Amino acid sequence: MIARFFLAGFDRRVALALIAVLAIGTVVPLLNLMLPASHVLHVPDYMVALIGKYLTFALLALSVDLVWGYCGILSLGHGAFFALGGYAMGMHLMREIGPRGVYGHPVLPDFMVFLNWKELPWYWHGFDQFWFAALMVVLAPGLLAFALGWFAFRSRVTGVYLSIITQAMTFALMLAFFRNDMGFGGNNGLTDFKDLLGFNLQAATTRAGLLAASSLALALGLLLASAIVGSRLGKVLVALRDAEGRARFLGYPVERYKLFVFTISAAMAGVAGALYVPQVGIINPGEFSPANSIEAVIWVALGGRGTLVGPLIGAGLVNYLKTYLTAAMPDAWLFALGGLFILVTLALPRGVLGLFDRDARRPRTAAVDPIPKAAE
Amino acid sequence: MSLTGALLYLNDVTVTFDGFRALNGLSLVIEPGEMRAIIGPNGAGKTTMMDVITGKTRADRGEVLFEGARDLTRLDEAEIAELGIGRKFQRPTVFDHHSVFDNLLLALKGPRSVWPTLLAPLRGAERQRIREIMEIVRLRGLAAEIAGNLSHGQKQWLEIGMLLAQDPKLMLVDEPVAGMTDAETAATAELLREINRTRSVIVVEHDMAFVRELDVKVSVLHEGSVLAEGSLEHVSADPRVIEVYLGR
């Protein structure tokens with residue numbers, strides 16, 4: 001039954017993407033670790049960190065596609081779920097530092113000692129255990145999405161209004177996390193991490209391992225997403241995306257379907273954030289910035305909304321361009337990003353993947369409504 | 001109560017939008033197995049009546065009972081659909097990105113909650129039933145066709161097919177022949193009569209030729225309540241009906 005569930009949505013494209021993702025996860029670490037630095041095929045350390053980061057962005061893009069592409073929920077706040085997952089991981093990494101901090105306090109992280117706090121806030125308890133932190137990586141964003149979705153979907157908030165609410169959510173979280181009183185390191189966030197599960201985060205082997213873990217997480221995410229999309233539930237999602245009223249009058253409790261996919265997607269974004277933080281070595285409130293969430297939407301739009309594989313390509317392409325441009329022409333990046341979005345909207349409404357799509361099963365009226373109107 | 005025999009019982013239903021009385025003490029009784037045509041000028045409250053029955057709009061006052069016992073004013077759209085009331089919209093509303101087969105599959109009577117849907121396999125009996133419905137609604141051989149690519153008339157039929165798949169006890173059909181050719185209109189009348197053999201149907205329609213063809217009891221709505229009821233000949237002869245509607 002489980003196998004059938006996971007194979008239902010499996011098609012050639014997803015299979016190819018899975019192979020590609022897993023190949024990156026094995027080949028890149030091997031080329032980095034096994035070959036001498038002088039070898040032509042050697043992958044330098046900074047590339048490992050970069051590719052690892054792209055993989056986590058790809059997972060974030062996949063989670064956005066699941067809600068936007070298949071359920072019509074244009075979330076402009078998915079960066080918040082990513083950041084929450086990141087903070088959960090960051091808190092564990094902070095606790096792992098232990099007495100090795102600058103102030104040498106056995107329990108309190110440096111920033112708490114600096115703020116003259118005497119004891120650990122209650123919500124920092126448990127994060128010394130990896131399993132607890134791992135649970136929180138999924139639960140914190142999942143519960144937030146569940147709560148937000150519960151109220152929003154029940155009140156039938158749809159379209160732009162929902163997008164604005166999600167945007168407001170991430171903005172509010174950013175402001176909250178900026179405050180020192182919140183106990184998440186304020187402006188500076190969480191950083192100076194030492195190790196994870198006993199592995200030194202600066203070591204090349206750990207970085208290669210993190211890249212492999214990210215590729216595995218992305219592969220599992222893709223497998224789960226394709227299974228969901230390929231199931232009858234997936235058909236219901238597309239149905240309520242295109243004609244919500246019709247789905248309701250057929251007897252589907254639309255809110256619960258939205259809540260289900262929104263929560264799963266948020267948890268997926270949380271996992272992406274948790275893998276991102278140890279690879280970049282810092283998490284701060286800037287990750288909640290609304291611009292981050294919007295960027296993730298652009299990756300999905302560029303790669304091809306509602307294709308699962310497209311967003312992975314989009315995330316990779318845009319971020320590679322960002323890495324390249326912010327180094328070569330720092331001022332040009334935002335113009336390039338804006339230009340890309342305009343180009344995609346006008347010329348490639350179905351994204352890069354749409355160019356190769358000879359899928360005749362799509363309607364000729366390829367109604368690509370970024371925000372589907374509420375059905376009658 | 002004395003009306004337990006009625007399939008649908010509306011008594012003194014009033015709906016007000018910003019001071020405008022869309023329904024004004026509307027009362028209507030539909031018997032099991034009956035087909036009823038509802039006519040009336042624009043703004044008479046036909047669509048609002050459908051909205052109240054299907055849970056889209058709440059009545060300010062009045063009773064809406066299904067099968068004599070179920071109070072529809074307390075339920076939402078999905079729950080009412082599950083009770084056995086299917087609705088066809090004025091504009092054909094199908095799932096444009098899904099195939100004809102998948103449209104019917106999603107409409108098929110069955111579990112509607114999240115987890116069962118996630119794991120539901122396609123059963124042979126479902127495939128069989130979908131084939132039957134495709135025959136009935138004249139979409140044979142179009143199983144794999146994407147609904148968005150169907151003609152207007154075919155979409156209307158697909159939507160009727162989806163209602164059939166739902167296996168409702170009562171079907172509400174809003175202007176089924178709007179935008180159809182004469183041949184399609186005649187075929188639709190035949191289709192509705194066929195459907196009426198096994199379930200009750202309420203048809204809202206503007207097209208008088210079509211209503212005549214259906215040859216059923218007619219209720220004339222005007223300003224949110226029933227103005228006249230009876231055969232088409234009977235209501236056509238009513239001077240008040242002529243004044244508000246036919247005589248315009």
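Author: A crossing is left-handed if the near helix is turned anticlockwise from the far one by less than a right angle, and right-handed if clockwise. This is a predicted model: local features need pLDDT of at least 70, side-chain atom pairs count only at pLDDT 80 or more, and totals for chains, interfaces and linings use all residues. Residues are numbered from 1 along each chain as written, with chains lettered from A and ligands numbered from 1 in written order.

Reader: Which way does α3(A) pass α13(A)?

Author: In a right-handed crossing. Helices here are DSSP runs (H or I, at least four residues), numbered from the N terminus.

Reader: What's the packing angle of α3 and α13 of chain A?

Author: About 135 degrees, with the axes 8 Å apart.

Reader: Which residues make the contact?

Author: Among them, A:Tyr54 and A:Phe57 of α3(A), and A:Pro311 and A:Asn319 of α13(A). Contact means C-beta atoms, placed from the backbone, within 7 Å.

Reader: New topic. Is α4(A) mostly covered or exposed?

Author: Mostly covered, with 18 of its 20 residues buried (20 or more other C-beta atoms within 10 Å of a residue's own). A:Gly98 follows α4(A), and its phi is positive, near 60 degrees.

Reader: And chain B: how many residues of chain A are in contact with it?

Author: 31 residues of chain A, against 29 of chain B.

Reader: Where does the largest share of chain A's side come from?

Author: From α9(A), with 7 residues.

How values were computed: A residue is buried if 20 or more other C-beta atoms lie within 10 Å of its own, exposed if 12 or fewer, and partly exposed in between; C-beta atoms are placed from the backbone. Helices (H or I, at least four residues) and strands (E, at least two) are DSSP runs, numbered from the N terminus. Two residues are in contact if their C-beta atoms, placed from the backbone, lie within 7 Å. Axes are lines fitted to C-alpha atoms, for helices over the stretch in contact, and angles run from 0 to 180 degrees between N-to-C directions.
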